[in-house]
Structures are given as C-alpha cells and as structure tokens.
Amino acid sequence: MRKIFKAIYSNKLLAILMLIFQILILISGFIWLSDYSKYFFGASTLLSALLVIYEINNSKDSPEFKMTWLVLVGVVPIFGALLYIYLRFGVLSKGISLHHKDVHNKVAKNILREANSINRIKNIDPELYGLANYLMKADGASPYSDAEVKYYELGEKMYADIKAEMESAEKFIFMEFFIVNCSSSMWKELFDILCRKAREGVEVRFMYDGMGSLATTPTHLALIFE
C-alpha cells in the first residue's frame with residue numbers, strides 16, 4: 001500500500017498526468033470545443049500572463065530560475081501553468097513545507113553566527129555579498145570566516161576524495177546531490193558504499209532533487225534507502 005501511495009504522489013506521475021491533460025485539452029479544443037476554443041485559450045493565455053508577471057516580480061528567485069519558468073509557461077501554457085502552480089504554491093506539499101519550517105526553526109536556535117562576516121563580504125565583493133545575503137535570508141545559511149574549502153573543477157577529480165571520506169566514516173554520512181543517475185558506474189559504487197556503511201551501523205542520510213533526477217532515478221529509490 002505504501003508503494004502505491006508513493007507512486008500516486010510522485011512527481012513523475014504528476015508530470016505525466018499534466019502532460020496528458022494538456023494533450024487532451026488541445027484535442028478537445030479542436031474537436032468538441034471549436035465554438036468556445038477562443039475563450040478557453042484566451043483564459044489560459046491570461047492565466048499564463050498573470051503567472052509570468054508574478055514570477056518576474058518575485059524577488060526571491062535568481063534570474064536563471066525565473067527564465068526557466070518563463071520559458072516553460074510561455075511555450076507550453078496549460079502544462080507549464082499547472083506545473084508552476086503545483087510547485088510554486090505547494091498545492092499538495094503544504095505538509096512538507098510546514099515540516100521544513102519547523103525543522104528550520106529548531107536548527108536556527110543552534111546556529112552560531114558571526115556578526116561581522118556578512119559585512120566583511122560586502123566590503124570585499126559586493127556581488128558575492130548579494131549571494132551570501134540571499135542564502136542567509138532564504139535558509140539561514142550564515143557565512144563564516146577562516147573556513148577551508150576545496151574546489152574541484154571537474155567531478156571526476158572529486159570522486160576519489162568522496163569515496164575516501166565515505167570509507168573513513170564511523171558515525172554518519174550525510175550527502176546531498178542535485179542530479180542522481182542510477183545507471184552510472186559512479187552512482188553504483190557510491191550506493192554500494194552507502195549500503196555497506198549502513199549495515200555497519202553508520203547513520204546514512206542521502207538527499208537529492210526529485211525534479212532534477214526525474215528521468216534518471218526510479219520512483220522506488222527512497223524505498224531502497226529505507
């Protein structure tokens with residue numbers, strides 16, 4: 001039963017249903033609603049225009065993020081508008097949003113902030129300050145000084161270090177990825193290490209973007225980790 005609910009409320013199923021709905025609307029518009037099609041498409045155009053105006057004036061989004069939504073809503077108005085409403089206004093994800101807010105408030109109490117770090121960034125690099133200020137306001141990610149970061153220009157160069165860190169983990173492994181390709185050899189090796197470490201008693205938590213991995217991960221990936 002749980003697997004059925006997972007499938008019903010998955011992003012893949014929702015995207016497929018909305019695409020099918022778009023096709024059916026277009027077909028019905030040409031066949032059954034020929035006399036009223038101009039009103040229907042006029043309404044969908046008006047809805048898309050309102051969503052475009054709303055997104056343009058949404059100060060929380062980056063220009064790249066805005067452009068993605070504007071193109072989708074503009075090119076495929078019905079499907080794009082429905083997908084936008086679902087994802088942006090959380091029609092079916094209010095519970096997740098409330099849970100995230102609750103967790104965020106609990107974590108915020110334990111975050112140590114450096115009072116002058118954000119001001120130092122502003123004096124050094126105004127453009128970087130804008131990004132740092134956005135991250136701090138949006139998700140409480142406060143900047144810190146005297147931190148060490150290793151930059152990898154290619155993912156292949158990072159791979160060996162990731163495996164080494166995972167192999168040395170004794171208490172926990174927390175990982176976050178944007179796109180996960182379950183058919184890649186890299187993922188298979190990392191997944192084997194995660195499973196082995198979990199059997200050894202290491203706490204394993206893995207987070208990835210469901211929309212970014214829509215076509216590259218199975219719907220039961222979450223169940224595999226459980």
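Predicted model: local features only at pLDDT ≥ 70, side-chain atom pairs only at ≥ 80, totals over all residues.
## Before you start

Local features here need pLDDT of at least 70 and side-chain atom pairs count only at pLDDT 80 or more, while totals for chains, interfaces and linings use all residues. Residues are numbered from 1 along each chain as its sequence is written, and side-chain values use heavy atoms, leaving out hydrogens and water.

## The overall fold

Let's begin with the chain as a whole. It contains 11 helices and two strands (DSSP runs numbered from the N terminus, H or I of at least four residues for helices, E of at least two for strands). Along the sequence the pattern reads α-α-α-α-α-α-α-α-α-β-α-β-α.

Of the 226 residues, 23% count as buried (under 20% relative accessible area with a 1.4 Å probe and protein chains only; exposed is over 50%, partly exposed in between).

## A patch on the surface

Now look at Ile 27, which lies in helix H2 (residues 11–31).

Ile 27 belongs to a nonpolar surface patch together with Ile 16, Leu 17, Leu 19, Ile 20, Ile 23, Leu 24 and Ile 31. Together these residues have about 720 Å² of accessible area.

## The second largest pocket

The second largest pocket has a volume of about 220 Å³. Helix H9 (155–168) and strand E1 (172–177) each give two or more residues to its lining. The largest share, six residues, comes from E1.

The lining divides into nine nonpolar, no polar and two charged residues. Among them are Met 158, Ile 162 and Phe 177.

Note on methods:
1 Å grid on protein atoms, 1.4 Å probe; cavity = no way out; pocket = protein on both sides within 12 Å on 5 of 7 lines; lining within 4 Å. Points joined across faces, edges and corners; volume = space filled by probe spheres on them. Nonpolar A, V, L, I, M, F, W, Y, C, P; charged D, E, K, R; others polar. Patch = residues over 30% accessible without salt bridge, like charges linked within 9 Å, V, L, I, M, F, W, Y side chains within 5 Å. Areas by Shrake-Rupley, 256 points an atom, 1.4 Å probe, with all protein chains shown as cover. Salt bridge = Lys/Arg side-chain N within 4 Å of Asp/Glu carboxyl O.
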